[in-house]
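User: I have a structure open and I'd like to go through it piece by piece. Could you help me read it?

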Amino acid sequence: MAEAIEAAIDTGEHLLVQAGTGTGKSLGYLAPALLHVQSTRQRIVIATATLALQAQLATSDIPNALKAVREVTGREPSHAILKGRTNYACLLKTRDGIADEQDTLLGGAELADGLRKSSADADSVLGAEVIMLREWAEQQLKDRQLADRDDAPAHSPRSWGLVSMPVRECLGVNRCPYGSECFVESSREKARASQLVVTNHALLAIDAMHGGTALPEHEVVIIDEAHELVGRVTGAASAELSPQLVERVAKRVLPWLSDDLGLEFLESADILRVALDETDLARISQPGGAAVTAFESIRDVARRVVSGLGGKAADKNRKDVDPEQQQAAAAAKEVFDIAERMADLSSNDVVWVSERERFGRQAQVAPLSVAGLMREKVLGERTTILTSATLKIGGDFTQVAGQIGLRKADRLVGDQHDPDNALAWRGFDVGTPFDYRKQGILYVPRNLPRPRRDGTAPEVLEEVAELVWAAGGRTLGLFSSQRAAEAAAKHVRQQLPKMTVLCQGDAQLSELTRQFAVDPEVSLFGTVSLWQGIDVPGETCQLVIIDKIPFPRPDDPLVLARQEAVTQAGGNGFMSVAATHAGLLMAQGAGRLVRRVTDRGVVAVLDPRLVTARYGGFLRASMPDFWMTAEREVAVGALRRLQEG
């Protein structure tokens, strides 16, 4: 892997590297990256999907790699971790923005010494957290640290929101009274002075969308956890518009508006609420409907609001504007931008109406594809190396290459050597240290009923209980929905009352995972966050149950739009979008079983379509190459032997 990445950096050829669990892929790219930046003085950016991997790189992998480089060369390249603005505390917020609110919430600062009073109400706890965060930020400043959220004392998301600044509302370094001390600016200065910069997929996407303003200039980018790239970039390029958002922003700007304009802005929230209630929960593709009319109304009034607040409020180089007015203007401008984008109904966007459980309906917009953005602003400008344990979906790299923009037409047909592919790239599978055919069994019973929409079939529940019994617990259950996970947990608890079955939602996921990891006889059932976010090697996890193939919802407007676009371009929309999505999750889910060379066990997929449907081979090719059986006795016997041995 290191040799392949070194060659890609030297030649400028884009590289997709599949590196299975246990290969040490972070060292596989850190070694050539660090040697390159040291010998050339160029900068390389590494982008991860999760903060967990970012932390692992910062605290373990990079220090170890730097030590090795220093021992070999006698010198050590500089490096920095760069995150989005809201990951750092804001001094304007901690010093000026919420002082009164803190006192109101606390009724004093008596709880700020550790939150020891169990009887404190929620507001008091919130206020105590904010006081602690404010004091911590000042200490970070004294210690010349960056006030990174990961280093902060324990806190809730709400309290962090009171000490951090949204991107839109930042006054700018020139206008902010604390600009010279700004933690965000300090983090960027450190990144600009470093040869290796570690960031995340979202910031990489923001940098691409906003003309390279988020990251320092760099010649090479290495994207780890690349199987999540499309989803993360889509998220960064998406937006929502709800009646609550419009109403909240309208109330915020009222002090600087005429009564008529302020009232009109407030009323536009009601117009949106009524329009969304009249609109189907589906994609909006035609102009003239109630929702589009509401978008246009909000766009027009928001434009006048921004103008009414004064153009100088948007100029971050001016110092003669009330900071609160500028932040209010920024919030109004964001509403304007979203409403304008939704009203436009661009062919490059998908706009739809969705329902939230607690807050009613909202409008959403997302890019139809991120391939063009990635191709033009990332792949077209610098050498890009993408790596993950799961990039070969369906047995090759074609699907992923198309989704990220390596293929010119994004048709996902043909192969990687199409003559119309102007970007030079290759895919490389470095293999795995595991012998999957000896370490694991893939059990797919053919006689179970096909999944249905009205709940889990009794035969499937009986199969789950039988397998959990055979494994003696030690089971990670990956389910397609919370309802399915809860139904399976309830059934197993009834059938096997002496066994402990935890279910996502019973407690914080981190606590459930901890219990599962320390007690081999415990089973853990859950949904999507467990498919990729849990790593428990050893006898704790000897059985992974997947209740059904994890296709995206068939009525998901974004999925439907992307499938239709591929079909219209001459490809197979279902295989390119829905099956590729499912293949990725199947690979990730099945990969939970074997995490080290001594692990043994069974992956049970209780969906006969994996072997009977025409797309079954594509999905199986995405998964680890386990030995396969359809016989329950074989799977049960293997699990019993593992438990007894």
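User: Before we start, what kind of model is this?

Analyst: This is a predicted model, so please keep that in mind throughout, since everything we discuss is computed from it.

User: Okay. Let's take strand E1, is it buried or exposed?

Analyst: Strand E1, which covers residues 14-19, is mostly covered, and six of its six residues are buried. His-14, Leu-16 and Gln-18 point one way from the strand, while Leu-15, Val-17 and Ala-19 point the other way, and all of them are buried.

User: Which strands does E1 pair with?

Analyst: One partner is strand E10 (residues 425-431), which pairs with E1 in the parallel sense over six bridges, and within that pairing Leu-15 stands opposite Arg-426. Another is strand E9 (residues 383-388), which also pairs with E1 in the parallel sense, here over four bridges, with Val-17 standing opposite Thr-387.

User: And what holds paired strands together, in general?

Analyst: Strands of a sheet pair through backbone hydrogen bonds, and they can do so either parallel or antiparallel.

User: Back to E9, where does E5 come in?

Analyst: Strand E5 is joined to E9 by four bridges, and the two run parallel; in this pairing Val-220 stands opposite Thr-383 of E9. E5 is also joined to strand E2 (residues 44-48) by four bridges, again in a parallel arrangement, and there the bridge partner of Val-45 is Val-221.

User: What about the two faces of E5, covered or open?

Analyst: Both faces of E5 (residues 220-223) are covered, with Val-220 and Ile-222 on one side and Val-221 and Ile-223 on the other, and all four side positions named here are buried.

User: Switching to helices. How do H1 and H2 sit against each other?

Analyst: Helix H1 (residues 2-11) and helix H2 (residues 25-40) pack at an angle of about 40°, with their axes 8 Å apart, and the two helices are therefore oblique to each other. H1 passes H2 in a right-handed crossing.

User: Which residues meet there?

Analyst: From H1, Ala-2, Ile-5, Glu-6 and Ile-9 meet Gly-28, Tyr-29, Pro-32 and His-36 of H2. Sorted by class, this contact has five nonpolar, two polar and one charged residues.

User: And H12 with H13, at what angle do they pack?

Analyst: Helix H12 (residues 259-278) and helix H13 (residues 290-308) pack at an angle of about 165°, and their axes are 9 Å apart. That angle makes H12 roughly antiparallel to H13, because angles over 145 degrees are counted that way. H12 passes H13 in a left-handed crossing.

User: What is that contact made of?

Analyst: On the H12 side the residues include Leu-261, Phe-265, Ile-271 and Leu-272, and on the H13 side they include Ala-294, Phe-295, Ile-298 and Val-301. By class, the contact of H12 with H13 has 13 nonpolar, two polar and three charged residues.

User: Now the other sheet I see, with E13 in it. What is its strand order?

Analyst: It is an open sheet of seven strands in the order E13-E14-E12-E15-E16-E11-E17, with parallel pairing. The edge strands are E13 (500-503) and E17 (627-629), each of which pairs on one side only. Neighbouring strands of this sheet are turned by 20° against each other on average, with direction ignored.

User: How is the E13 end joined up?

Analyst: Four bridges join E13 to strand E14 (residues 522-526), and the two run parallel; the bridge partner of Leu-502 in E14 is Leu-524. Helix H20 (residues 509-518) packs on the sheet, touching E12 (475-478), E13 and E14, and its direction makes about 145° with that of E14.

User: Which other helix lies across E13 and E14?

Analyst: Helix H19 lies across both strands, running at about 165° to E13. One of the residues in H19, which spans 482-495, is Ala-484.

User: Why does Ala-484 count as buried?

Analyst: Ala-484 has 7% relative accessibility, so it counts as buried, the cut-off being under 20%. Leaving aside neighbours within four places in sequence, Ala-484 is in contact with Thr-456, Phe-479 and Asp-547.

User: How far is Ala-484 from Thr-527?

Analyst: Their C-alpha atoms are separated by 8.8 Å, although Ala-484 and Thr-527 are 43 residues apart along the chain.

Notes
Residues numbered from 1 in each chain as written. Predicted model: local features only at pLDDT ≥ 70, side-chain atom pairs only at ≥ 80, totals over all residues. Heavy atoms only, no water. Buried < 20%, exposed > 50% of the residue type's maximum accessible area, 1.4 Å probe, protein only. Pairing = 2+ DSSP bridges. Contact = heavy atoms within 4.5 Å. Axes fitted to C-alpha atoms, helices over the stretch in contact; angles between N-to-C directions. Parallel < 35°, antiparallel > 145°, perpendicular 65-115°, else oblique. Left-handed = near helix turned anticlockwise from the far one by under 90°. Nonpolar A, V, L, I, M, F, W, Y, C, P; charged D, E, K, R; others polar.
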